[in-house]
Amino acid sequence: MVEETWFGVLAEYMARQQAGLGEEVAIMTYDDVEYSERFDYNDNSKQQAPGKETKRVDGRHFLGTYGLSADEIDSLLNLAEYYCRVNNDSASLPLEVLRGKMLANLFFEPSTRTRLSFARAAVNLGGEVVELESKMSSLVKGESVLDTALTLQAMGVDALVVRHAAAGVPAFLAHSLSIPIINAGDGAHEHPTQALLDLLTIRQEFGRLQGLTALLLGDIRHSRVARSNLYAMRTCGLRVRLAGPPTLVPEEMTRLGAELAPDVDGALREADVVYVLRIQHERQQAGMLPSLAEYRSFYGIDARRQFLLSDKAVIMHPGPINIGVELTAEVYASARSRVLRQVSNGVAVRMAVLHHLLSGPRN
Ligand code: NCD
């Protein structure tokens with residue numbers, strides 16, 4: 001179905017422009033993402049967004065961590081920390097923050113954690129959630145993503161949580177809708193709530209973010225989680241190192257303030273946070289990865305590599321995990337693993353983001 005591809009979205013945009021229906025809007029393509037990666041962040045650790053076309057956050061939507069300030073991140077994490085405590089006391093739930101408000105989950109790619117934790121977050125805040133099953137919706141009859149979103153808005157839905165395989169779809173919708181759009185993962189571009197829940201997990205562990213060293217390990221090229229984390233981690237003062245097969249670790253990411261770490265074992269010894277990324281089978285191009293067995297032996301975290309870590313270091317992974325490839329089952333279950341803590345924090349972080357965007361009277 002054409003609308004589910006980037007080209008479908010673009011074609012629709014062009015048609016609307018020609019019909020005079022659209023305003024000037026910047027659409028992110030994968031090339032634009034690469035373009036934004038060409039900016040040199042080393043000279044500007046405050047990371048101001050370089051221009052309108054790459055700015056992701058305008059206070060009304062939540063499209064990326066790129067351009068978020070350290071203060072904005074800090075205040076979202078503080079609110080999430082508060083919601084962690086509230087969530088531990090189930091008697092106080094649901095809250096009233098989103099009373100009468102409805103969130104719609106629009107997922108065009110599979111998801112367990114992100115989709116359900118947005119739903120849980122909305123319910124905890126006293127709101128409601130509708131799930132659009134794309135295969136059971138009018139998308140199957142050829143309705144476009146944009147018209148689907150406009151339809152939900154016309155029904156009085158208060159915000160859309162959007163996941164799509166094409167980079168730029170949430171930004172595209174944000175230009176055409178008046179309700180908040182939250183990016184739940186767009187292609188290999190951004191996944192901002194994942195990065196926030198990761199930072200919350202790290203902050204809880206070490207009591208700070210500034211000065212820590214994070215090693216992002218694995219399929220960086222195809223990872224929206226790596227990009228959102230890199231932007232946010234650098235803004236919050238972490239040192240970010242990247243390791244993985246050279247075909248899956250773009251050198252351009254050093255311009256965003258990351259360092260390449262070709263010696264994996266050495267980098268593991270120096271890391272406070274080992275952030276392991278999934279091999280993205282669905283986004284692989286031929287020739288990028290010789291075999292999973294080879295990947296496992298060069299980059300997989302097993303008992304031997306775990307032994308290299310410093311006493312306080314933790315292991316994180318956004319999930320879903322290819323057990324036995326990126327991590328062994330015993331490392332996943334070990335005392336260093338924070339994978340399930342990340343999941344719990346995901347609910348609190350999404351409550352903070354929803355609160356930020358949706359509390360208060362309707363516009
Ligand atoms: C990630 C995603 O979908 O981008 N998962 C998640 O949201 N927890 C990472 C992945 O799929 O590897």
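What pLDDT does the chain average? The chain averages a pLDDT of 85, and 82% of the residues score at least 70; pLDDT is the predictor's confidence in each residue, from 0 to 100. This is a predicted model, in which local features need pLDDT of at least 70 and side-chain atom pairs count only at pLDDT 80 or more, while totals for chains, interfaces and linings use all residues. Residues are numbered from 1 along each chain as its sequence is written.

Over residues 1-58, pLDDT stays under 50. For this stretch the model has 85 contacts beyond four places in sequence, a contact being two residues whose C-beta atoms, placed from the backbone, lie within 7 Å. Where pLDDT is low, the predicted coordinates should not be read in detail.

Now to the ligand. The residues around it include Arg 113, Thr 114, His 191, Arg 224, Val 225 and Arg 278; a residue counts as near if its C-beta atom, placed from the backbone, lies within 6 Å. The shell lies between domain 1 (2-190 + 345-358) and domain 2 (192-342), because both give residues to it; the domain bounds come from an automatic or database domain assignment.

Next, look at helices α3 (residues 70-88) and α7 (residues 192-206), which pack at an angle of about 70° with their axes 10 Å apart. The axes are lines fitted to C-alpha atoms over the stretch in contact, and angles run from 0 to 180 degrees between N-to-C directions. That makes α3 roughly perpendicular to α7, a term for angles of 65 to 115 degrees. On the α3 side, Ile 73, Leu 76, Leu 77, Ala 80 and Glu 81 take part, meeting Leu 196, Leu 199, Leu 200 and Arg 203 of α7.

Finally, two peptide bonds deserve a look. Most peptide bonds are trans. The one from Leu 93 to Pro 94 is cis, with omega near -5°, and Pro 94 sits in the loop between α3 and β1 (102-107). Gly 319 and Pro 320 are also joined by a cis peptide bond, with omega about -5°.

Key: Helices (H or I, at least four residues) and strands (E, at least two) are DSSP runs, numbered from the N terminus. Angles under 35 degrees count as roughly parallel, over 145 as roughly antiparallel, 65 to 115 as roughly perpendicular and the rest as oblique.
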